[in-house]
Structures are given as structure tokens and as C-alpha cells.
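Thanks for coming. I will go through one structure today, and I will keep it short. Please have a look at it before I start.

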Amino acid sequence: MARIAGVNIPTGKRVPIALTYITGIGPSKAKEIIEAVGVDGTRRVNELSDAEVLSIREYIDANLTVEGDLRRERQMNVKRLMDLGCYRGLRHRRNLPVRGQRTHTNARTRKGPAKAIAGKKK
Amino acid sequence: MSRSVWKGPFVDAYVLKKAEAVRESGRTNDVIKIWSRRSTILPQFVGLTFGVYNGQKHIPVNVTEEMIGQKFGEYSPTRTYYGHAADKKAKRK
């Protein structure tokens, strides 16, 4: 068991893959961490020594925003737009696409599952 | 693509002139009516109130520091949407 950045416990996988289980770390960030710390990418998390795990943890703490902090930061960015009363903020409030996409059809990611409209059949 | 930096921010000249006039007169509470939704909000506009036209009327916008760099039009919505009639029926149930 290796605890990195709070609650995340990726184990039997190769180090770069395991690191992507942390919110805010994708494949390229994982590679960056490994190179900075000097761990071979083919090794697995349970083969790492405590010192190596520690140095990974320290690198993340020092250089990256991850997990709760990242989520809070994102939320603050959205909240800032909403409080400002600008167009992007209004779109966030309505849960509609923010960047000018069409909403006549599609936009299901933001709008959620399609709602049936009563009495719409011919 | 974003605008080239060497051009500087775009502002319609009359907006600058009006803002300056209000600044000099000292009545910073006055609403400055503008139609130029495309103009960039500049640092010297902070603290002034603009009436930004939305095609029907002038929406009062109090310019704050955070708005710098955005366009006036972003603060004056042009569409009114009250939802669909069917949506309301569905909610009542």
C-alpha cells in the first residue's frame, strides 16, 4: 500500500499508470514526475522503496495541485464567473455549454439525459 | 485565435471619450450609455457604471477590477429565456 497525495492508493500497477489514479495527474504529468524523481517507468508501485515513494510525494506536494485542492480551485474559478454576472457565468448557472456550442441538439454532457416532452408526438 | 498583442486592446473611440468626460466631471455614479458591446473593458473604466445596450435597452454594468480584459457585451445578455411551457407542466407533477 502506498499513499500518495492523501487518499489515493494505487498498488500493483506500473508507476506512471498508478500515478494517473490521482485527480490532476494524467499520463504526461506522471511521466514528468517519474523523470524528475528518477524512477524507472517499467517498475511497479509495490517494488518502490519507501524513500522513492517519499520523494514522489514530495515532488507532487511541491510542484502540483491535485485532488481536493485542484477541485476547490476549479470550483472557485467557476464561482468567480458566476458572481461576476458575465455571459460565461450565466451559462454555468444554467448548466449549459459555456463556449458557444449549439444547444438545439446535442449538448447532452452539460444538459444531462434527454427529458421526454409530454404530448410532443404527432 | 486570440488577438495579437501588438495591436493593443480594441475599444471604440467614443467609449473612451465618454468615460474620460465622466471622470473629469467627477460624477462617477452617472450611467454612461454605450452601444459598443464589442469594446474591451480597460483598467481606467473600473469604478464607472456603463449602460450597455442589449438591442432593447441599456443594462447598467458596474465595472470591477475582475472584468478587465473582457468585453462589455458579456455583461449585457441579449436573450430572454423563460423556459418551455412543457417544462413547467412537468415540474408541477
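Let me begin with distance: in chain A, the centres of domain 1 and domain 2 are 31 Å apart, taken over C-alpha atoms. Before going further, note that this is a predicted model. As for where those two domains lie, domain 1 of chain A covers 2–65, and domain 2 of chain A covers 68–111.

Next, the interface between the chains. On one side, 9 residues of chain B are in contact, and on the other, 8 residues of chain A. Together, chain B and chain A bury about 750 Å² between them. Of that area, 59% is on carbon and sulfur atoms.

By class, the side of chain B that touches chain A has 5 nonpolar residues, along with 2 polar and 2 charged ones.

How many salt bridges does the rule find across the interface of chain B and chain A? The count is 0. For polar contacts across the interface of chain B and chain A, the rule finds 1 residue pair, with both residues at pLDDT 80 or more.

Last topic, cavities. Searching the whole structure for cavities of 30 Å³ or more gives 1. The volume of the largest cavity is about 40 Å³.

What lines the largest cavity? The lining consists of A:A2, A:I4, A:P10, A:A18, A:L19 and A:V45. Sorted by class, the lining of the largest cavity has 6 nonpolar residues, with no polar and no charged ones.

Methods. Residues numbered from 1 in each chain as written. Chains lettered and ligands numbered in written order. Predicted model: local features only at pLDDT ≥ 70, side-chain atom pairs only at ≥ 80, totals over all residues. Heavy atoms only, no water. Domains from an automatic or database assignment. Contact = heavy atoms within 4.5 Å. Buried area = accessible area lost by both parts, 1.4 Å probe. Salt bridge = Lys/Arg side-chain N within 4 Å of Asp/Glu carboxyl O. Polar contact = N/O pair within 3.5 Å; in protein donor to acceptor, adjacent residues only side chain to side chain. Nonpolar A, V, L, I, M, F, W, Y, C, P; charged D, E, K, R; others polar. 1 Å grid on protein atoms, 1.4 Å probe; cavity = no way out; pocket = protein on both sides within 12 Å on 5 of 7 lines; lining within 4 Å. Points joined across faces, edges and corners; volume = space filled by probe spheres on them.
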